[in-house]
Amino acid sequence: MLGDVPLWTTVLQFLAAGLVGGFCVLQWVGWRGSLRAEGRLWPLALSSAVAVQLLVAGVHGLVTGDLAPEILTGVHAQVSGVVALLLVPTTRALGGGPSPRPWVVAAGTVLAVRSVLWWVDLRLGTQVVVGRPVAVALLLVVVAVVLAYVVAALGRTRLQGIGWLVATLGGVSLALLTWSVVHTGTQDAHVIAALWPLPFVLALETVALVRLRRSQRTARRRGVMRDALADVTNTAWFRQDADQLLEHARDAARTVLGDPSVEGSLRPLQNGRFVAELYVDDATHLLPFERAFLVDLAQVVSTAAERYVLADRLARAAVTDPLTHLPNRRAVDDHLRESLEQAGVERTRVALLYVDVDGFKAVNDRLGHAGGDELLRRVADWLRTSQADPDSFVGRLAGDEFAVVVCRAPGDEELAARAATLCAGFAEQVGGAGGPRLTCGVAAWEPTAVAAPDVLLRDADAAMLEAKRTRSGHRLYDRELRERTEQQRRRRAALERAVAEDRITAYYQPIVDARTLEVLSLEALARWEEDGDLVLPGEWIDIAEESGLIVPIGRHMLRLARRALDRHQMPLAVNLSARELHEPDVLERIDEAWSGGPWEHLTLEITESVMLRTSAAVPVLSELRARGAHIALDDFGTGYSSLARLARLPVDILKIDRSFVREVRTPRGAGAVRAIVSLAGHHGLEVVAEGVESAADLEALVDLGVPRVQGNFVGRPAPGIPVRGARPVPRPVARPRPLRRRTGTGDVVPRPLRVVADDTVAPELL
């Protein structure tokens, strides 16, 4: 098809090849970069093939000889077929159309046959022309197939200006190609064969340039969308209002899309979920990535709204009690701290009402945890509704304890009346007859004091405990209570030091035969020696129980009893507290303290109320009893044991409470003692009467059949070795220096000297 052409034709071919090559580079860079999704590979391939075709045609015009021009002519013919073939997928990529596969297969088959015929004719080198004219004719078949596909594709597409340009110039190029094939051999045919791609090149590169500019604008638009989406996402972390965030996203979409009709909506769903939507009046003009941009913005808004709700729920859960929906201990502490700071500036008072529910455990035991929870909710509702003052803040501290913080608090008398009204109103409207009651402790902070929320809470708690102890219903933390509390605090600190320094000693009180007064065993009683004075258990035993110091004290007493067993060679009785029975390793601790001593010489005394109320007591005491230890039920008769239950308890000894012994000479007291002795005999239990203080008491107990007694009359607690068996009648003697005794107020009172001169009474054991 190629032949001798003018020089200007060759120059024009090289210029066109360079122009097309430059556009190929631009398309390649765009396709490999951020515009890859928008670029098309087929137009790039077609442009490359056209550039090669023009370059080959230009080189053909410069070479001389026989073989090189012939080879270049063959290469040009094959590249022309490839260009025609690439028009099919390129048309599909640029404007759509039917599937190009069958068309490409048909045209490709024709081109393959054409290529074989062309080169076979060349290799034979005969003068008979057979393959090449057929090959040229087959090129027309390929052109016809391509034209048919283009017509089919354009028939389904509504062409615009650029489309008509491409169709027109493409048709011109195909017409020139067809003319050059039909009129092959002439000078004009050679020029047309060399330049026929130029109109199509112009159309193709115009499309490429338009698409490249469009892709660049799209890339910039997408970059702006990404920036806007990032801005809305960052804003979502700083704003906590979903509606404001939706407005911000709507404004960003209007700016980026240039459409003021963009609107947004945010609708709540169940379980804290949200759905957001950004939409326009007419969405038909939006491109797919623009629709995706609106969806992404809406997704950010809905996700942020869900996060706001969850964060708010978690924040409220951190300061809200889940059962009563009142502020919890943390919220009360924060509010109390802020109230004290504000009151310090305003020079006003702050009061705290510490409220506790009496009878809550009984309700919990009787109605279960559901009943207890319902009671707590009712208490919370009562406190919330009864405190209509806007300066009041109600919260739940823990368990059945509540707090009411009163800012700008009134005087003490009005606070006490407010606490009384609070407790009385609950008893009338919520508690009912015989139901739970409220106990309230009131403490007030003065502007002249140090702002310490913990101190105010502690003072109100102390007032509440005092009201609970005295059953007064409410109590104000006044000077008297403050001094008493400080004294108890000092007493507790001193007791802690005494326990740490092993200044808790054992005094031993004998348990004697009621008839012969022979010492049968000893009871180890704890005594606290402080600065040479003796502090009786009545002054510190409650503190030890509340603080938990009773546990190390009990273990220490058991160790001292073990030593006394070796020293006195007499059975020992030791008191066991309820706090010790709650310890998980109580058996191991008792084993360690008793250190291998004979269990049959150990009696463990436990009060009747502890035995019945502590579920852990029965299995622990049963195990100790199985080892050989004796179990004594102390203060018997003051609790509420039933006969049936007594038979199931691991008990060996009943100790009659001193309150019955004190009235033993009255018909009522004698009847109670007689019943206990009969009950013990029925169950095979031993009986010991406590608190014998006179000979008349002892004589009455003997008449009632009590075999063993214990009390100051038959032997006071003393640290020394007791006397056993029959003893001579002592002469009246006076103790030279008795121990001093501390009173509840801390005063030291010397004990009176006693003289034993009655030959029927055993001497006191010191």
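This dialogue walks through a few features of one predicted model.

Trainee: What should I know before I start?

Mentor: This is a predicted model, so local features need pLDDT of at least 70 and side-chain atom pairs count only at pLDDT 80 or more, while totals for chains, interfaces and linings use all residues. Residues are numbered from 1 along each chain as its sequence is written, and side-chain values use heavy atoms, with hydrogens and water left out.

Trainee: How many helices and strands does the protein have?

Mentor: Helices (H or I, at least four residues) and strands (E, at least two) are DSSP runs, numbered from the N terminus. The protein has 25 helices and 18 strands.

Trainee: What share of the residues is buried?

Mentor: Buried means under 20% relative accessible area, exposed means over 50%, and partly exposed lies in between (1.4 Å probe, protein chains only). Here, buried residues make up 45% of the 766 residues.

Trainee: Is Asp 312 buried or partly exposed?

Mentor: Asp 312 counts as partly exposed because its relative accessibility is 40%. Asp 312 lies in helix H10, residues 288-319.

Trainee: How do I read a cavity?

Mentor: Take a 1 Å grid over the protein atoms alone: a cavity is a set of points where a 1.4 Å probe fits but cannot get out, and lining residues have an atom within 4 Å of a point. Grid points are joined across faces, edges and corners, and the volume is the space filled by probe spheres set on the points. This structure holds two cavities of 30 Å³ or more.

Trainee: Which residues lie nearest the centre of the second largest cavity?

Mentor: Arg 555, Leu 558, Leu 576, Glu 580 and Ile 590 do, out of 14 lining residues. Helix H17 (550-568), strand E11 (572-575) and helix H19 (586-594) each supply at least two residues of that lining.

Trainee: What classes of residue line it?

Mentor: Ala, Val, Leu, Ile, Met, Phe, Trp, Tyr, Cys and Pro count as nonpolar, Asp, Glu, Lys and Arg as charged, and the others, Gly among them, as polar. The lining has eight nonpolar, two polar and four charged residues.

Trainee: How do H17 and H19 cross?

Mentor: Axes are lines fitted to C-alpha atoms, for helices over the stretch in contact, and angles run from 0 to 180 degrees between N-to-C directions. The axes of H17 and H19 come within 8 Å and cross at roughly 35 degrees. Contact means heavy atoms within 4.5 Å. Arg 555, Leu 558, Arg 559, Ala 561, Arg 562 and Leu 565 of H17 meet Arg 589, Ile 590, Ala 593 and Trp 594 of H19. That contact has six nonpolar, no polar and four charged residues.

Trainee: Which residues join H19 to H21?

Mentor: First, the axes of H19 and helix H21 (residues 617-627) come within 10 Å and cross at roughly 35 degrees. Val 586, Leu 587, Ile 590 and Asp 591 of H19 touch Val 620, Glu 623, Leu 624 and Arg 627 of H21.

Trainee: What is the phi of Asn 271?

Mentor: Most residues other than glycine have a negative phi. Asn 271 has a positive phi, near 60 degrees. Asn 271 sits in the loop between strand E1 (263-268) and strand E2 (274-279). At 72% relative accessibility, Asn 271 is exposed.

Conventions:
1 Å grid on protein atoms, 1.4 Å probe; cavity = no way out; pocket = protein on both sides within 12 Å on 5 of 7 lines; lining within 4 Å.
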